[in-house]
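Subject: Structure handover

Hi,

Here is the structure for your set. My notes on salt bridges and the sheet follow below it.

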Amino acid sequence: DEVREYLAATVDTWLGDYNCDGVRVDSAHSLPPDFVRQVTGRIRQRFPDRVIVGEYSPEGAQAIHDFDFDAVWLLSTCDNAASMSNSWKENIGRLESLVVLRSGYTKNYQCIKFCLGSHDQCGKRPGHTHDLGYWAGRFGGHGDWKARALGRMWWGVMVAGQGIPMMFMGSETHQGGHWHTTHDTSFDWGLLEDTPDTFGAEGAAHVAA
(Lines give C-alpha, C1' and ligand atoms only; values in the text may rest on other atoms or scores of the structure.)
Protein backbone atom coordinates (compact mmCIF):
# COMPACT_ATOMS: atom_id res chain seq x y z
CA ASP A 1 0.00 0.00 0.00
CA GLU A 2 2.84 2.37 0.79
CA VAL A 3 4.44 1.81 -2.61
CA ARG A 4 1.12 2.26 -4.41
CA GLU A 5 0.44 5.49 -2.54
CA TYR A 6 3.91 6.76 -3.39
CA LEU A 7 3.43 6.04 -7.11
CA ALA A 8 -0.13 7.40 -7.23
CA ALA A 9 1.04 10.60 -5.54
CA THR A 10 3.21 11.48 -8.53
CA VAL A 11 0.11 12.98 -10.14
CA ASP A 12 0.07 15.58 -7.35
CA THR A 13 3.46 16.78 -8.55
CA TRP A 14 2.59 16.94 -12.24
CA LEU A 15 -0.93 18.33 -11.88
CA GLY A 16 -0.45 20.32 -8.68
CA ASP A 17 3.11 21.62 -8.51
CA TYR A 18 3.67 21.86 -12.28
CA ASN A 19 0.04 22.61 -13.17
CA CYS A 20 -0.01 20.31 -16.21
CA ASP A 21 -3.21 20.04 -18.23
CA GLY A 22 -3.33 16.28 -17.79
CA VAL A 23 -1.43 13.02 -17.60
CA ARG A 24 -0.95 9.95 -19.75
CA VAL A 25 -1.07 6.57 -18.04
CA ASP A 26 1.57 4.64 -19.96
CA SER A 27 1.06 0.93 -20.60
CA ALA A 28 -1.98 0.76 -18.33
CA HIS A 29 -2.51 -2.86 -19.37
CA SER A 30 0.75 -3.74 -17.60
CA LEU A 31 -0.48 -2.37 -14.27
CA PRO A 32 -2.92 -3.91 -11.78
CA PRO A 33 -6.40 -2.69 -12.78
CA ASP A 34 -7.25 -1.57 -9.25
CA PHE A 35 -4.07 0.53 -9.13
CA VAL A 36 -4.97 2.25 -12.42
CA ARG A 37 -8.38 3.07 -10.96
CA GLN A 38 -6.65 4.34 -7.80
CA VAL A 39 -4.64 6.78 -9.91
CA THR A 40 -7.55 7.99 -12.03
CA GLY A 41 -9.75 8.26 -8.94
CA ARG A 42 -7.17 10.42 -7.22
CA ILE A 43 -7.04 12.72 -10.23
CA ARG A 44 -10.83 13.02 -10.44
CA GLN A 45 -11.02 13.88 -6.75
CA ARG A 46 -8.15 16.35 -6.54
CA PHE A 47 -7.92 17.72 -10.09
CA PRO A 48 -11.38 17.28 -11.68
CA ASP A 49 -10.62 19.66 -14.55
CA ARG A 50 -7.59 17.74 -15.87
CA VAL A 51 -7.39 15.29 -18.76
CA ILE A 52 -6.49 11.62 -18.33
CA VAL A 53 -5.18 9.76 -21.37
CA GLY A 54 -4.59 6.03 -21.21
CA GLU A 55 -2.48 3.68 -23.24
CA TYR A 56 -4.14 0.28 -23.18
CA SER A 57 -3.74 -2.88 -25.23
CA PRO A 58 -5.74 -4.35 -26.79
CA GLU A 59 -7.07 -0.98 -27.87
CA GLY A 60 -10.75 -0.21 -27.54
CA ALA A 61 -13.27 2.12 -25.99
CA GLN A 62 -13.94 -0.23 -23.08
CA ALA A 63 -10.81 1.01 -21.31
CA ILE A 64 -12.35 4.47 -21.11
CA HIS A 65 -15.23 3.09 -19.07
CA ASP A 66 -13.21 0.57 -17.06
CA PHE A 67 -10.58 3.06 -15.88
CA ASP A 68 -12.32 6.44 -16.21
CA PHE A 69 -9.95 7.70 -18.92
CA ASP A 70 -10.96 10.71 -20.97
CA ALA A 71 -9.20 9.30 -24.02
CA VAL A 72 -7.09 6.36 -25.15
CA TRP A 73 -4.41 5.95 -27.79
CA LEU A 74 -5.36 4.10 -30.96
CA LEU A 75 -2.25 1.96 -31.10
CA SER A 76 -2.94 0.55 -34.57
CA THR A 77 -3.09 3.89 -36.42
CA CYS A 78 0.59 4.10 -37.37
CA ASP A 79 0.82 0.47 -38.46
CA ASN A 80 -2.33 0.82 -40.56
CA ALA A 81 -1.11 4.01 -42.22
CA ALA A 82 2.29 2.49 -42.99
CA SER A 83 0.74 -0.69 -44.36
CA MET A 84 -1.55 1.22 -46.70
CA SER A 85 1.34 3.44 -47.79
CA ASN A 86 3.35 0.39 -48.76
CA SER A 87 0.46 -1.37 -50.48
CA TRP A 88 -2.95 0.25 -50.90
CA LYS A 89 -4.99 -2.86 -51.84
CA GLU A 90 -8.14 -0.69 -51.93
CA ASN A 91 -8.81 -1.40 -48.26
CA ILE A 92 -11.51 1.21 -47.68
CA GLY A 93 -12.45 -0.27 -44.31
CA ARG A 94 -8.95 0.18 -42.93
CA LEU A 95 -8.81 3.75 -44.24
CA GLU A 96 -12.20 4.49 -42.75
CA SER A 97 -10.95 3.30 -39.35
CA LEU A 98 -8.44 6.17 -39.40
CA VAL A 99 -11.06 8.77 -40.27
CA VAL A 100 -14.27 8.07 -38.36
CA LEU A 101 -14.90 7.10 -34.76
CA ARG A 102 -14.71 3.38 -34.18
CA SER A 103 -17.36 1.36 -32.40
CA GLY A 104 -17.76 2.29 -28.75
CA TYR A 105 -16.42 5.83 -29.01
CA THR A 106 -19.03 8.55 -28.73
CA LYS A 107 -16.96 11.76 -28.60
CA ASN A 108 -14.15 13.08 -30.78
CA TYR A 109 -11.76 13.57 -27.89
CA GLN A 110 -11.95 9.95 -26.73
CA CYS A 111 -9.35 8.59 -29.14
CA ILE A 112 -5.90 9.86 -30.06
CA LYS A 113 -4.50 9.05 -33.50
CA PHE A 114 -0.85 9.14 -34.53
CA CYS A 115 -0.55 7.91 -38.10
CA LEU A 116 3.04 9.17 -38.40
CA GLY A 117 4.19 7.45 -35.23
CA SER A 118 4.65 8.18 -31.54
CA HIS A 119 7.69 7.93 -29.31
CA ASP A 120 7.35 4.15 -29.54
CA GLN A 121 7.94 4.13 -33.30
CA CYS A 122 10.24 7.17 -33.60
CA GLY A 123 12.36 6.46 -30.53
CA LYS A 124 15.16 3.94 -30.24
CA ARG A 125 15.15 1.69 -27.19
CA PRO A 126 16.96 -1.60 -26.63
CA GLY A 127 14.69 -4.62 -26.80
CA HIS A 128 11.78 -2.89 -28.54
CA THR A 129 10.48 -4.16 -31.87
CA HIS A 130 8.25 -1.22 -32.84
CA ASP A 131 11.00 1.43 -32.91
CA LEU A 132 11.05 1.71 -36.69
CA GLY A 133 12.17 5.34 -36.81
CA TYR A 134 10.65 8.57 -38.03
CA TRP A 135 8.06 8.37 -40.79
CA ALA A 136 10.16 10.15 -43.42
CA GLY A 137 13.11 7.87 -42.78
CA ARG A 138 10.94 4.79 -43.27
CA PHE A 139 9.76 5.94 -46.70
CA GLY A 140 12.85 7.33 -48.38
CA GLY A 141 14.24 10.06 -46.16
CA HIS A 142 13.97 13.83 -45.80
CA GLY A 143 14.87 14.51 -49.42
CA ASP A 144 12.38 12.06 -50.90
CA TRP A 145 9.29 13.85 -52.20
CA LYS A 146 7.11 10.78 -51.77
CA ALA A 147 8.04 10.45 -48.10
CA ARG A 148 7.11 14.08 -47.50
CA ALA A 149 3.89 13.76 -49.51
CA LEU A 150 2.83 10.70 -47.52
CA GLY A 151 3.49 12.58 -44.29
CA ARG A 152 1.34 15.50 -45.42
CA MET A 153 -1.41 13.16 -46.58
CA TRP A 154 -1.67 11.21 -43.33
CA TRP A 155 -1.54 14.38 -41.26
CA GLY A 156 -4.45 15.63 -43.38
CA VAL A 157 -6.34 12.39 -42.74
CA MET A 158 -5.92 12.85 -39.00
CA VAL A 159 -6.96 16.50 -38.79
CA ALA A 160 -9.85 16.10 -41.23
CA GLY A 161 -11.25 13.04 -39.47
CA GLN A 162 -12.64 12.41 -36.02
CA GLY A 163 -10.43 11.97 -32.98
CA ILE A 164 -7.46 13.95 -31.65
CA PRO A 165 -4.44 14.09 -34.00
CA MET A 166 -1.02 13.66 -32.42
CA MET A 167 2.36 14.25 -34.03
CA PHE A 168 5.67 13.37 -32.41
CA MET A 169 8.26 16.16 -32.56
CA GLY A 170 10.43 15.95 -35.64
CA SER A 171 7.75 14.40 -37.82
CA GLU A 172 6.56 17.85 -38.91
CA THR A 173 10.04 18.63 -40.29
CA HIS A 174 10.35 15.24 -42.03
CA GLN A 175 13.23 14.19 -39.81
CA GLY A 176 14.77 10.77 -40.44
CA GLY A 177 16.50 8.20 -38.29
CA HIS A 178 15.50 7.60 -34.68
CA TRP A 179 14.83 9.98 -31.83
CA HIS A 180 16.63 9.61 -28.52
CA THR A 181 17.99 11.76 -25.72
CA THR A 182 21.52 12.00 -27.13
CA HIS A 183 22.61 15.10 -29.01
CA ASP A 184 22.97 13.38 -32.39
CA THR A 185 19.46 11.85 -32.19
CA SER A 186 17.57 14.83 -30.78
CA PHE A 187 15.37 17.27 -32.73
CA ASP A 188 17.26 18.41 -35.85
CA TRP A 189 16.87 22.18 -35.96
CA GLY A 190 18.99 22.30 -39.11
CA LEU A 191 16.07 20.97 -41.13
CA LEU A 192 14.31 24.30 -40.59
CA GLU A 193 17.05 26.24 -42.39
CA ASP A 194 16.21 27.77 -45.76
CA THR A 195 18.36 25.74 -48.14
CA PRO A 196 17.56 23.86 -51.38
CA ASP A 197 17.99 20.52 -49.59
CA THR A 198 15.93 21.14 -46.45
CA PHE A 199 12.15 21.00 -46.33
CA GLY A 200 11.51 21.26 -42.58
CA ALA A 201 10.02 24.77 -42.66
CA GLU A 202 7.70 23.70 -45.48
CA GLY A 203 6.55 20.69 -43.48
CA ALA A 204 6.00 22.74 -40.32
CA ALA A 205 3.96 25.26 -42.29
CA HIS A 206 1.68 22.51 -43.59
CA VAL A 207 1.08 21.29 -40.05
CA ALA A 208 0.39 24.81 -38.80
CA ALA A 209 -2.09 25.38 -41.61
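The model contains 11 salt bridges, each counted when a side-chain nitrogen of Lys or Arg lies within 4 Å of a carboxyl oxygen of Asp or Glu. This is a predicted model: local features need pLDDT of at least 70, side-chain atom pairs count only at pLDDT 80 or more, and totals for chains, interfaces and linings use all residues. Residues are numbered from 1 along each chain as its sequence is written, and side-chain values use heavy atoms, with hydrogens and water left out.

Arg-42 and Glu-5. Their side chains form a salt bridge at 3.0 Å, N to O. Arg-42 sits in helix α3 (residues 33-46) and Glu-5 in helix α1 (residues 2-8), so the bridge ties together parts 37 residues apart in sequence. Helices here are DSSP runs of H or I with at least four residues, strands are runs of E with at least two, and both are numbered from the N terminus. Arg-42 is buried, at 11% relative accessible area. Glu-5 is partly exposed, at 37%. The cut-offs: buried is under 20% relative accessible area, exposed is over 50%, partly exposed is in between (1.4 Å probe, protein chains only). Both residues also belong to a network of salt bridges that links Glu-5, Asp-12, Arg-42 and Arg-46.

Glu-55 and Arg-24. This salt bridge spans 3.3 Å, N to O. It links distant parts of the chain, 31 residues apart: Glu-55 is in the loop between β2 (51-54) and α4 (62-67), Arg-24 in strand β1 (residues 22-25). Glu-55 is buried, with a relative accessible area of 7%. Arg-24 is partly exposed, at 28%.

Arg-152 and Glu-202. The side chains meet at 4.0 Å, N to O. Arg-152 lies in helix α9 (residues 145-160) and Glu-202 in helix α10 (residues 200-208), so the pair ties together parts 50 residues apart in sequence. Both are partly exposed: Arg-152 at 33%, Glu-202 at 37%.

Now the sheet. Five strands make an open sheet, ordered β1-β2-β3-β4-β5, with parallel pairing. Two strands pair if DSSP finds at least two bridges between them. Which strands stand at the edges? They are β1 and β5 (164-165); each has a single partner strand, so one side of each is left without a neighbour in the sheet. Further in, β2 pairs with strand β3 (residues 71-73) in the parallel sense, over two bridges. Val-53 has Ala-71 in β3 as its bridge partner.

Best wishes
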